[in-house]
Amino acid sequence: MKIAIYSRKSKFTGKGESIENQILMCKEYANRHFENIKDIYVYEDEGFSGGNINRPKFQELMNDAREKKFDVLICYRLDRVSRDVADFSSTIEELNNYNIAFVSIKEQFDTSTPMGRAMMYIASVFSQLERETISERIKDNMLQLATTGRWLGGVPPLGFESEKVPYLDKDYKEKSLTKLKPISKEMDLVEFFYDKYLELGSIHQVRKFLIQNNYKTKNDAYFSTRVISDILRNPAYSKANEEISDYLEDRGISIAGKDRLNGQRGILIYNKINGKGMKNDKSEWIGAVAKHIGTINPDKWLEVQKQLDVNNMEITRTGTSTVALLGGILKCAHCGSAMNIMYGRKREDGTSPHYYVCNLKTASGMDKCNNPNVNGIDIDYTIIEKILELSQSKEIFLKKMKEINKDDENDNNRNIINKLENRKKELLNEIDILVNELPKNSIASNYILPQIENKDKELQKIKEEIIELEKSNEKTKKESDNVNFVVNNIVNFAKLANELDNEQKKCFIQTIVDKIYWNGEDELLGIQFFTNKDIKLSKYRSTSSRSSNQNHSIRLSQDIIKSFQIFITES
């Protein structure tokens, strides 16, 4: 019998259930309840929260479990493993798959019994409820602190660093708070962004200027439009006054500490992101007059906001969603950037031709990327035509997918599993017979015990082989299900294509295609369906008329047809 002991504590303290005490109690429990203990392995994580399972020694423990290094895992208390129900449940399920028992000595749970498993899951639910309650309480406290204008942690915005400042509370006790402190050189760059935006009139033009002049972030990357927008929208840079406060409140953001407004301090925005990483509605945002001094004068900050608002109103996005089919899917084969959708002059019928242009090229000109643009109608309908062609070959796809997804190998694995299961039953029966012979003849036990031990070793090896084969079959089944899903969507798309509008076609394509890469220099087009691991590029040639009144489909050479068949069948 091999025992593993896991102990965890969130803080490095000597109080309460210390790591040493947990281990000692687990060892005492093991010695009382288990016989023939060969080894005891101890895994200790101190200073790690139970909110998730990203802990070094816990990960080492699970790796050893997968290698069947031990038979039983003992913890002092249930939440030492995890306070999260999903993490806890998946951990116990994985241990069960390896035939490893789990014992929590505090709650007296033992997964070898059905009742023990049921009670353990119930207890884990209460552990998570406790954790969520604590989390909500911390969030409320954080928001209360936010109203004071202090910095609550995280990566400071460009132009700032955080610093601790001592102060005396109402009882004259010395405490400290964290505030933002401007970094002169970086703040000059921020002010430059504001001035350049007012000069050029759009974020796109600002980004283009920054890339052309090699301005980069601390991580040596080009500034994205989102980062530039965040900087221009952030009231932390402003010398906030009542006009700025009114502007933010008109947009649903409540402002705390308005009595501290003096035309010098910035405003910090809290609670923009929820616990799941999603942006909250602006009505949930909280603004507070900050402790730090702003840089951008209020008139300039408000002028930038006014221009940003006007630009947002002027941007028309109907073309992006209702005409171009490959937005968000088409990538540049040269630099990996997204291909932006650009529109030409309106025709007499009111429509506008669209093109796909590399995002980096759009921002910087030819300096950073020289991938040629591609006609939107051509490439959109190339993809549609090829999907329609693929739909006519469903039986061929399924046949090749069977080869690729190794259905035959799965069948072979199943046959091996059946044989192993039969052998397992034989071994269990043989072991039972030998065990029954032990009390009858004490001398024979010297010969019987080694036989039992050998058969048990073979039994354990068979169990491990069955687990690995089952895993392989499950993985292959998931891959096969994924491929069948894509193929069925291809067939469904072909049946409905004539009835779908462009928006519906776009949605359908996004369930089939993961990425498409365009190399304009060599006229290479690469497509990756959701069944593929590798992206391949193949040459195509257009023989269609580019007249606006024609059906803009592309006739493809036999090479591209063959390569597209490979795309759907290789995984």
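Residues are numbered from 1 along each chain as its sequence is written, and side-chain values use heavy atoms, with hydrogens and water left out. Because the model is predicted, local features need pLDDT of at least 70 and side-chain atom pairs count only at pLDDT 80 or more, while totals for chains, interfaces and linings use all residues.

The protein chain has 17 helices and 17 strands, these being DSSP runs numbered from the N terminus (H or I and at least four residues for helices, E and at least two for strands). Of its 571 residues, 42% count as buried, where buried means under 20% relative accessible area, exposed over 50% and partly exposed in between, with a 1.4 Å probe and protein chains only. Among contacts (heavy atoms within 4.5 Å) between residues at least 6 apart in sequence, 64% join residues at least 24 apart.

A pair of aromatic rings is described by the distance of the centres and the angle of the planes. The structure holds 9 aromatic pairs, counted when the ring centres of Phe, Tyr and Trp (its six-membered ring) lie within 6.5 Å, with planes under 30 degrees apart called stacked, over 60 edge-to-face and the rest tilted. One of them joins F160 and Y237, and it is stacked, with 5.6 Å from centre to centre and 20° between the planes. This pair links distant parts of the chain, since F160 belongs to strand β6 (residues 160–168) and Y237 to the loop between α7 (225–233) and α8 (242–250), 77 residues apart. Both partners are buried, F160 with a relative accessible area of 2% and Y237 with 1%. Ring pairs also bring in Y194, so that F160, Y194 and Y237 are linked into a cluster.

Rings also take part in arrangements with charged side chains, in which NZ of Lys or CZ of Arg is within 6 Å of the ring centre and within 35 degrees of the ring normal. The charged end of R55 sits over the ring of F58, 5.1 Å from its centre, and that of K196 sits over the ring of F209, 4.1 Å from the centre of that ring.

How do helices α5 and α7 pack? Helix α5 (residues 184–200) packs with α7 at an angle of about 95°, with the axes 10 Å apart; axes here are lines fitted to C-alpha atoms, for helices over the stretch in contact, and angles run from 0 to 180 degrees between N-to-C directions. The two helices are therefore roughly perpendicular to each other, a class that covers 65 to 115 degrees, with angles under 35 counting as roughly parallel, over 145 as roughly antiparallel and the rest as oblique. On the α5 side V190, F193, Y194 and Y197 meet I231, L232 and R233 of α7. By class, this contact has 6 nonpolar, no polar and 1 charged residues, where Ala, Val, Leu, Ile, Met, Phe, Trp, Tyr, Cys and Pro count as nonpolar, Asp, Glu, Lys and Arg as charged, and the others, Gly among them, as polar.

Several single residues connect with these elements. In helix α5, E186 counts as buried at 17% relative accessibility, and, leaving aside its neighbours within four places in sequence, E186 is in contact with L158, G159, F160 and K218. N234 lies in the loop between α7 and α8 and counts as buried at 19% relative accessibility; with neighbours within four places again left aside, its contacts are P157, Y194, I267 and W301. The C-alpha atoms of N234 and I269, which are 35 residues apart along the chain, are separated by 8.2 Å. N311, placed in helix α9 (residues 298–314), counts as buried at 14% relative accessibility and, beyond neighbours within four places in sequence, is in contact with Y197, G201 and S202.

The last stop is the loop between α6 (203–212) and α7, where N214 is placed. Most residues other than glycine have a negative phi. N214, although not a glycine, has a positive phi of about 60°, and N214 is partly exposed with a relative accessible area of 44%. D220 lies in the loop between α6 and α7 as well; phi of D220 is near 60°, and D220 is exposed, with a relative accessible area of 56%.
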